[in-house]
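Here is a report on how two protein chains meet. Look over the sequence and the model, then read on.

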There are 2 protein chains.
Amino acid sequence: MNETIETILNHRSIRKFKDVKISDEQLDLILSSAQQASTSSYMMAYSIIGVTDEEKKAQLAEITGQAYVKNNSHLLIFCADLYRHTLQASEEQYEQMLANLENSEHFLVSAIDAALAAQNAALAAESMDLGICYIGSIRNQLDKVDEILSLPKHVLPLFGMVIGVPDHQPDKKPRLETKAIYFENEYNQDQKDELQAFDKEIAAYYQSRKTNTRSDSWTDQMLRRFTNPMRMDVTGIVKKKGFNKQ
Amino acid sequence: MNETIETILNHRSIRKFKDVKISDEQLDLILSSAQQASTSSYMMAYSIIGVTDEEKKAQLAEITGQAYVKNNSHLLIFCADLYRHTLQASEEQYEQMLANLENSEHFLVSAIDAALAAQNAALAAESMDLGICYIGSIRNQLDKVDEILSLPKHVLPLFGMVIGVPDHQPDKKPRLETKAIYFENEYNQDQKDELQAFDKEIAAYYQSRKTNTRSDSWTDQMLRRFTNPMRMDVTGIVKKKGFNKQ
């Protein structure tokens, strides 16, 4: 097994960091890595905001409810970005572009572009013995995050990533068996056995792990999550920002 | 610079492969790597279909208009998947789940989960000297792809990835300057200088590259792309599959 795959397989989300800044050189490598990811039809339809202002970090920590959004070495916010594609357009061209810019196809393209770039950034950081955690909870109050970062129309915050020198070593979290997520030639709807086996495994994991021990299964977690409507306002905010409208 | 970052920075999309199968061990490492990616709230909201059936590959090559969708060592289709989360739900719970399953928040979650997994798969492959290319053009006829792979409701094909032993070494494609995609604390709307500089660079690149030489700039490419409505049917198909409805 090579170093890259070792880095990939060693991933765990880090939520506690030492009080050490990452170097400019490390940040440069993380950003260059993000940029070298594949991008749909060369669109590079994302931007990254590095948040260093302590006041803004405190606001974002409050929105997300996660102290490590403030307490880390670097905080990145990944955004879908179809703004720069319109910058050199005439008024007439701009009007013509809207059907594409604001459809679901390009909402997908920009979200996927941003995620591919983010995962390269994550692995670059982890390969330098830094830890990372994705922050989906910026979508708790997407309109406020949008305002804090002064994003124009056609730029939408999607998720954050905290980076720093790890100050804990959490257990690796189990994943579904490969045969429950990978299928040959056609989808297999009959996954109940795999899910039941995984529920047993994850119940044992929650019982045995070093911190935050609890009694739970994956299915129960998912039932709780999905039966309680959450972030129902994302739909409207996304549209207001000029994405996913048609 | 470490091996992982070298692998990341060396990326180029490969569209011509030697007639060599990847080994089962390589495929296992690619899939394990995909699975170890971060996942929003442990949802693992994606599935991967490996297409080995020659007839299906031929159909997908026709849909995408790309011969290398047929001529490769392995073809993966990455799907957003919120199906398995409903499998153990009672009828009443299922009804309750729909508000979440079918909102834009969970459309985003599943697309991002799939993309993070895919980028891990891509890097695992590239670290073993395999080449990859993402295939967005399955969205040319998303309903047909959906049918070919027999996907149930709440499973949506997003993009493909071809993998194999490279039979060409294309030039590395330039990226926007980092200062055009990375901003500190707030978005910088004034990107015209960076875009003009990049247009000059990319015009020179298209003139000088080994194959497919042409006269073009990034801005012109984007203007052409966005002024011609494309894949406008994706919106409706996504909703029909039970995503992004509310």
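Across the interface of chain A and chain B, 73 residue pairs are in polar contact, with both residues at pLDDT 80 or more. The model is predicted. On the side of chain A that touches chain B, helix α5 (residues 104–127) of chain A gives the most, with 15 residues. What kinds of residues make up that side of chain A? They divide into 61 nonpolar, 41 polar and 17 charged residues.

The contact takes 119 residues from chain A. It takes 119 residues from chain B as well. Between them, the two chains bury about 10,900 Å². Carbon and sulfur atoms account for 60% of that area.

**Salt bridges**

Side chains of opposite charge can pair when their charged atoms come close. Over all chains, the structure holds 20 salt bridges. How many salt bridges are found across the interface of chain A and chain B? The rule finds six there. Two salt bridges are listed here.

| Residue with N | Residue with O | N to O distance |
|---|---|---|
| Arg139(A) | Glu105(B) | 2.7 Å |
| Arg225(B) | Glu105(A) | 3.9 Å |

Take the pair Arg225(B) and Glu105(A), at 3.9 Å from N to O. Arg225(B) lies in helix α9 (residues 218–227) of chain B, and Glu105(A) lies in helix α5 of chain A, so this pair joins two chains.

**Strands across the interface**

Strands pair between the chains too. Strand β1 (residues 46–51) of chain A is joined to strand β5 (residues 182–184) of chain B by three bridges. Do these two strands run parallel or antiparallel? They run parallel. Within this pairing, Ile49(A) has Phe183(B), in β5(B), as its bridge partner.

Methods
Residues are numbered from 1 along each chain as its sequence is written. Chains are lettered from A and ligands numbered from 1 in the order in which they are written. This is a predicted model: local features need pLDDT of at least 70, side-chain atom pairs count only at pLDDT 80 or more; totals for chains, interfaces and linings use all residues. Side-chain values use heavy atoms; hydrogens and water are left out. Contact means heavy atoms within 4.5 Å. Buried area is the accessible area (1.4 Å probe) that two parts lose on being put together, summed over both. A salt bridge is a side-chain nitrogen of Lys or Arg within 4 Å of a carboxyl oxygen of Asp or Glu. A polar contact is a pair of N or O atoms within 3.5 Å; within protein, one must be able to donate a hydrogen and the other to accept it, and residues adjacent in sequence count only if both atoms are side-chain atoms. Helices (H or I, at least four residues) and strands (E, at least two) are DSSP runs, numbered from the N terminus. Ala, Val, Leu, Ile, Met, Phe, Trp, Tyr, Cys and Pro count as nonpolar, Asp, Glu, Lys and Arg as charged, and the others, Gly among them, as polar. Two strands pair if DSSP finds at least two bridges between them.
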